[in-house]
Amino acid sequence: MKKPVLVIMAAGMGSRFGGSKQMTPVDDEGQVIIDYSMYDAYLAGFRDVVCIIKEEMHDDFERLIAARVRRKLNISYAYQRMDTLPAGYQIPEGRVKPWGTSHAVLCAKERIDGPFAVINADDFYGRSAYKTMFDYLSEPHGEAEHAMVGYILKNTLSENGTVSRGVCEVDEAGKLVDLVERLKIDRRGYSEDGGITFTPLDENTVVSMNFFGFQPSLLDELEKRFPEFLDEGLKTDPGKCEYLLPRTVKQLIEEGRASVQMLLSEDSWYGVTYIEDLPAVKSKIKAMTQSGRYPTRLWD
């Protein structure tokens, strides 16, 4: 059985943050969140990493991140390009937004030949999540038996604005039953009217942070479903429609074509959704370094 591969989605530029979050240092050594993600993944057992980036980011990404990480991990690249589309489809006029996370993973298809985990580049997931996911993917499973690391909502909120989260429903067997994307969540609950009113949401609700574990069959599903997404999206919102992993996973569950095992993490998630989040993330990482959880220089 092939060892699991870690796939990192790093092509987004973080519009709310105001720049490239992926390249923003979170410690005094110039290391970024991806460094900590790959370090935790390395300790969990991952050795092969596919970084999905924009092609124009390659030189900076290689110089600022990958060059030092190659001491421990095998790094390869996949490029999320706007024109990576099925035959017969074209980029609509004026479209500048990438096609979303399902499209990002589909762009890495040729780099993946076994079970794989998928994470966001700008999320700090906590060490236990990587170990749990690596162990799951290292065991034999059916070709449509996937997994997801879930987090407790209160451990994922920003103090500087609302966040988007996939609210999860899980059955007694620990399988994901439903995944509902809520676009504006804070400690008051979620809003469907742009933040005017909020519906309460239990702070212990399990939410998705886009940390998935997939069997290779997922790639074929992404490819098969992409034209259908484009047919609908290009009619309704050609400039902004996104082909998103949570929605694809939800469809597969509803159709009975896949199961998703929930791997619950008690760790806190840290991320830089807003620039105001950065000092708090730096402080948390500094405290973990001082406690000995991380070395000052991760790759030495």
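Helices, as named in these legends, are DSSP runs of H or I with at least four residues, strands are runs of E with at least two, and both are numbered from the N terminus. All views show a predicted model.

**View 1. The second largest pocket and the elements that line it.** This pocket has a volume of about 270 Å³, and of the 16 residues in its lining, Leu157, Ser158, Trp269, Tyr270 and Ala280 are the closest to its centre. Two or more lining residues come from each of strand S12 (270-271) and helix H7 (278-290), with H7 giving the most, namely three residues. Sorted by class, the lining of the second largest pocket comprises five nonpolar, six polar and five charged residues.

**View 2. The largest nonpolar core, with 58 residues.** The members that touch the most other members of this core are Leu6, Met38, Phe61, Ile75, Tyr125, Tyr151 and Phe211, and helix H1 (residues 33-44) supplies the largest share of the core, eight residues. Apart from this core lies another, of 38 residues, which includes Val7, Val206, Phe214 and Val260. When neighbours within four places in sequence are left aside, phenylalanine 61 has contacts with Ala10, Met23, Ile34, Cys51, Ile53, Ala66 and Tyr77.

**View 3. Helix H1, largely enclosed by the rest of the structure.** Because 11 of the 12 residues of H1 are buried, the helix is largely enclosed by the remainder of the structure; the buried residues are Ile33, Ile34, Asp35, Tyr36, Ser37, Met38, Tyr39, Asp40, Ala41, Tyr42 and Ala44. Glycine 45, which follows H1, has a positive phi, near 125°.

**View 4. Isoleucine 119 in strand S4 (residues 116-120).** With a relative accessible area of 0%, isoleucine 119 is buried. Beyond its neighbours within four places in sequence, isoleucine 119 is in contact with Leu6, Val7, Ile8, Met9, Ser37, Tyr125, Tyr130, Asn210 and Phe211. Its C-alpha atom is separated by 17 Å from that of leucine 222, a residue 103 places away along the chain.

**View 5. Asparagine 210, a residue other than glycine with a positive phi.** The phi of asparagine 210 is near 60°, and the residue is found in strand S10 (residues 206-214). Asparagine 210 has a relative accessibility of 13%, and because the limit for a buried residue is under 20%, it counts as buried.

**View 6. Leucine 263 in strand S11 (residues 259-265).** Leucine 263 counts as buried at 12% relative accessibility. Not counting residues up to four places away in sequence, leucine 263 touches Thr132, Met133, Tyr136, Ala147, Met148, Val149 and Gly150. The C-alpha atoms of leucine 263 and tyrosine 36 are separated by 20 Å, these two residues being 227 apart along the chain; tyrosine 36 is itself among the buried residues of H1.

How values were computed: Residues are numbered from 1 along each chain as its sequence is written. This is a predicted model: local features need pLDDT of at least 70, side-chain atom pairs count only at pLDDT 80 or more; totals for chains, interfaces and linings use all residues. Side-chain values use heavy atoms; hydrogens and water are left out. A nonpolar core is a set of buried Ala, Val, Leu, Ile, Met, Phe, Trp, Tyr and Cys residues joined through side-chain atoms within 4.5 Å. Buried means under 20% relative accessible area, exposed over 50%, partly exposed in between (1.4 Å probe, protein chains only). Contact means heavy atoms within 4.5 Å. On a 1 Å grid over the protein atoms alone, a cavity is a set of points where a 1.4 Å probe fits but cannot get out, and a pocket is an open set with protein on both sides within 12 Å along at least five of seven lines; lining residues have an atom within 4 Å of a point. Grid points are joined across faces, edges and corners, and a volume is the space filled by probe spheres set on the points. Ala, Val, Leu, Ile, Met, Phe, Trp, Tyr, Cys and Pro count as nonpolar, Asp, Glu, Lys and Arg as charged, and the others, Gly among them, as polar.
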